[in-house]
Amino acid sequence: GETALSGDFSLRLSPTQPLEFFSADLDGGGKIGDLLAFVPPAPNTASLEKLAQLPFEIRGKAEGNLDRLQATNLRLSLGQRTHFLVNGNLQNLATPERMGGNFRIEQLHFEKNDFSVLLAEKPMLLPAFADLQGNVSGSNGRLTLDLTGQIGKLDSAAVAVAADYEPARFDMQGTVQPSSVFEKTRLDLDIRQLEAGRAVIAGLMPPGMVAPEQISLTGKVGGALNDLQTDVKLTALRQQKTSTLAVEGNLKNATAPDSLRFDLRFSGEVTKAEILGYVPDSLVTPVLNLPEKTIFDGWAKGTPTNLAAATNLTLGNRGRLSLDGTLRSENYQVKIVADNLKINQLAADSLLWQAESADFTVTAEGKLASSPVSTSSDDRTEPSATLEARFDTLVWQGMALQNILVTGSLDGKKFTATLTSTDERAKVNLSANGDFGRLAPLLEWNGDVQCLDLDAFGFTQKNAFVCDHLEGKREGLLPDTL
């Protein structure tokens, strides 16, 4: 269990310099803790104690002293599979804060499982493994890097499960300023290439979402790991179709997803296939006929569960949407502006609506708010929402109607709705309410049709108008039988 080194040694000692010079062909190993005895004392932490128990092996040739050590094919192995092969000079080995050098990493192989005892105490977003090679120069206060390599599956698990997949590949250059507090390590990187497949990034996806088949990232990242500035472009491939996303702004706590904060501006274009990777097809297709590609731009600020955001969407040739809202846990408010939105092309066909056969275009502004409420009987929540939409122009079969107001509210299984139009060809004031929580679900309606010009709507070629009062009540209906 003790550390032992063997080989040819040449030592020169002096009273002022415990190790003035040595030359050694090294071959040995032991515990990391035995090596720590040769460096200045560090705070005695639980993490350091666990690190001290890791086995190591060292082989190769080293000449010099702790101020400047020339390494030739020097290989250091940690744990079971992590190892480091280097050629070049290492400097200030006895002073960790100034440690550095000018050397080439012939190979660095990292295995997360070798450090599972450390990661179990403090989980971090790390790859299952990493391989890299390249040049490093500078000191521990500032290192200049030019590296290429590959990394395995990313997640926060302490132990990586072995699997057969294509690793991610990267090519980058820049500077790193290490810190004894990992999150405060500073970066200034130019990412020339980062390509990853679904197997690598799947662990980053929320439950129910499917990662793209392939992503590619280029751009610049700078700042501390807990306060990063980004200017990057992401390309995603799904079903042989490409989506793009350009992001610029600030990311805080990037290594701790549960504490992530952001202040970002974004733009790009997303394919229909990519959207359906994040929202189930069964929820979208019955309602919406999405364009093959949507162009967008906007901003977002906050956390994944507490944010403010705005975006503009160009839905192919089917019009534009602008969304501006906030999310607070499960509560959200959003302002929606529709510009020449072709409902007949966006809405999916149904038994009651043959979308493509109608001409239905909307220019409108609305507000939607939702705040789920807890039930009194258990911890479940029921939906609660309000809607207010004002249609400046609604084009139906070539006829433009104006000044139409729609409101609605949902409280659990109860709802209310109103429709008010002051257009001379369709003056109506209608309301409805329902309760689907009753044993016999209830639907009631009431309103006045002051004027409905049948000729203007194309229902007749004669001057014909409808004026009527509507009132009704039905019990026993269900939402899917209305």
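His109 counts as buried in this predicted model, at 8% relative accessibility (buried means under 20% relative accessible area, exposed over 50%, and partly exposed in between, with a 1.4 Å probe and protein chains only). His109 belongs to strand S7, residues 100-111 (helices, H or I of at least four residues, and strands, E of at least two, are DSSP runs numbered from the N terminus). The His109 side chain makes a polar contact with the side chain of Asp131, at 2.6 Å. A polar contact is a pair of N or O atoms within 3.5 Å; within protein, one must be able to donate a hydrogen and the other to accept it, and residues adjacent in sequence count only if both atoms are side-chain atoms. With neighbours within four places in sequence left aside, His109 is in contact with Arg81, Thr82, His83, Phe129, Ala130 and Asp131 (contact means heavy atoms within 4.5 Å).

The model is predicted: local features need pLDDT of at least 70, side-chain atom pairs count only at pLDDT 80 or more, and totals for chains, interfaces and linings use all residues. Residues are numbered from 1 along each chain as its sequence is written, and side-chain values use heavy atoms, with hydrogens and water left out.

The protein chain contains seven helices and 30 strands. Of its 482 residues, 35% are buried. Among contacts with a separation of 6 or more, 44% involve residues 24 or more positions apart.

Strand S12 (residues 168-177) pairs with strand S10 (residues 142-151) in the antiparallel sense, over nine bridges (two strands pair if DSSP finds at least two bridges between them). S12 is also joined by nine bridges to strand S13 (residues 186-197), again running antiparallel. Thr175 illustrates both pairings. Thr175 in S12 stands opposite Thr144. In S13, Asp188 is the bridge partner of Thr175.

Three aromatic pairs occur in the structure. Rings of Phe, Tyr and Trp (its six-membered ring) pair if their centres lie within 6.5 Å; planes under 30 degrees apart count as stacked, over 60 as edge-to-face and the rest as tilted. One of the pairs, Phe266 with Phe296, is tilted, with 6.1 Å centre to centre and 50° between the planes. Phe266 lies in strand S17 (residues 261-271) and Phe296 in strand S18 (residues 293-303), so this pair ties together parts 30 residues apart in sequence. Phe296 is buried, at 13% relative accessibility. Phe415 and Phe436 form a stacked pair, with 5.9 Å between centres and 10° between the planes. Phe415 lies in strand S27 (residues 414-421), and Phe436 in the loop between strand S28 (426-435) and strand S29 (442-453), so the pair links parts 21 residues apart in sequence. Phe436 counts as buried, at 19% relative accessibility.

A charge also sits over a ring. Arg238 lies over the face of Tyr278, at 5.4 Å from the ring centre. The criterion requires NZ of Lys or CZ of Arg within 6 Å of the ring centre and within 35 degrees of the ring normal.

The disulfide count is zero (a disulfide is a pair of cysteine sulfur atoms within 2.5 Å). For the sulfur of Cys451, the closest cysteine sulfur is that of Cys467, at 5.6 Å, too far for a bond. For Cys467, the closest cysteine sulfur is in turn that of Cys451. Cys451 is buried, with a relative accessible area of 16%, whereas Cys467 is exposed, at 56%.
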